[in-house]
Amino acid sequence: MPLAWVASYPRSGNTWTRILLASYLRDAAVSFKVAELGVLDEAVTDLIDVFEHGRALPLDRPGTLAVKTHFLPGADVHRPYRDAVGKVLYLIRDPRDVLHSAERFLRVGPGHREAFAHHFVAHRGARAWEKVGYGSWPASVLEWTSPDRLHRHFPGAEISVVRYEDLRRDPVAVLREMIVFLGFDDDPDPGRVERAVANSRLDVLRGVEKKDDTRGAPAEPFFGDGLTRRSLAGYGSGVEQAYARLLDGDAEFAGLARDHGYAS
């Protein structure tokens, strides 16, 4: 059975991607509770959810198994699957938009927004995520998308990088490419792809989330507006300038940002 990682730095569209894939596989809308987003479809699962339930990945199941992970490739949790991994789908998003999404997801209070933004830029990501093994934004991108680095951990893995911005711009085309790459379908049915996209629009998912009676109140929404290319000016003086200095002074970060269209 082919094993594929659906990898990303947090807040880069990983859960939305899994919902799109699950909707295509089921040819139906995916119902969910926010607390149970790890369990969307047996073919499109979440590594943390699997471990929290005391299980290992079911490598003996037929067909492709696509598994969400935010951990760096070399994390201990990945080692049992070194030789089973055949594909890596890596989702990447503009770090400035990741910052905005992280602020909401981590429930940063209004009085701490500016400090959080400066901290995020200075550390190239959220320190809380780095401490649990997700790395910084550049570390995640570099380790997952550089073939030489990735193949140290998964020697047989084929890599495909998908920009969140491209998925937002043309979800039908990008979903089709992901389905083919992951091996779910060699020739995806166009109508089925379009239905999956319609069933998984972010406004639809926010509507489902609002009806989730298991969420505490008040609770920040898991699914945001999916906005792209947002300014950092709203965080107060100096945050935009700090990002610009990062692009000027950190060659590795600047190279990755430039390569993926996030340097302007």
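Which unit do β3, helix α2 and β4 make?

## A β-α-β unit

This is a predicted model. In it, strand β3, helix α2 (residues 47-52) and strand β4 make a β-α-β unit, and the unit is right-handed. Strand β3 covers residues 44-46, and strand β4 covers residues 65-69.

## Strand β4 and its partners

Strand β4 pairs with β3 and also with β1. Between β3 and β4 there are 3 bridges, and these two strands run parallel. One of the residue pairs here is T45 with V67, where V67 is the partner in β4. Strand β1 (residues 3-8) also runs parallel to β4, and 5 bridges join the two. Here A7 has T69 of β4 as its bridge partner.

Is β4 mostly covered or mostly uncovered? Strand β4 is mostly covered, with 5 of its 5 residues buried. Buried here means that a residue has under 20% relative accessible area. The cover applies to both faces of the strand. On one side lie L65, V67 and T69, and on the other lie A66 and K68; all of these are buried.

## Helix α11

Helix α11 spans residues 202-210, and its buried residues are L202, L205 and E209. Why do they lie on the same side of α11? They cover an arc of only 60° around the helix axis, so they are on the same side of α11.

What covers these buried residues? The cover includes three other helices: α1 (14-26), α8 (164-169) and α10 (190-199).

## The chain as a whole

The elements described above are part of a chain with 13 helices and 6 strands. The radius of gyration of this chain is 18 Å, and the globule rule gives 18 Å for 264 residues, so the chain is as compact as a globular protein of that length. Taken along the principal axes, the box filled by the C-alpha atoms is roughly 55 × 45 × 35 Å.

How much of the chain is buried? Buried residues account for 50% of the 264 residues. The accessible surface comes to about 12,200 Å², and carbon and sulfur atoms hold 50% of that surface.

Contacts can also be sorted by how far apart the residues are in sequence. Among contacts between residues at least 6 apart, 68% join residues that are at least 24 apart.

Notes:
Residues numbered from 1 in each chain as written. Predicted model: local features only at pLDDT ≥ 70, side-chain atom pairs only at ≥ 80, totals over all residues. Heavy atoms only, no water. Buried < 20%, exposed > 50% of the residue type's maximum accessible area, 1.4 Å probe, protein only. Helix = DSSP H or I, 4+ residues; strand = E, 2+ residues; numbered from the N terminus. Pairing = 2+ DSSP bridges. Right-handed = clockwise from strand over helix to strand, strands pointing away. Rg over C-alpha atoms; globule rule 2.2 N^0.38 Å. Contact = heavy atoms within 4.5 Å. Areas by Shrake-Rupley, 256 points an atom, 1.4 Å probe, with all protein chains shown as cover. Arc of directions from axis to C-beta.
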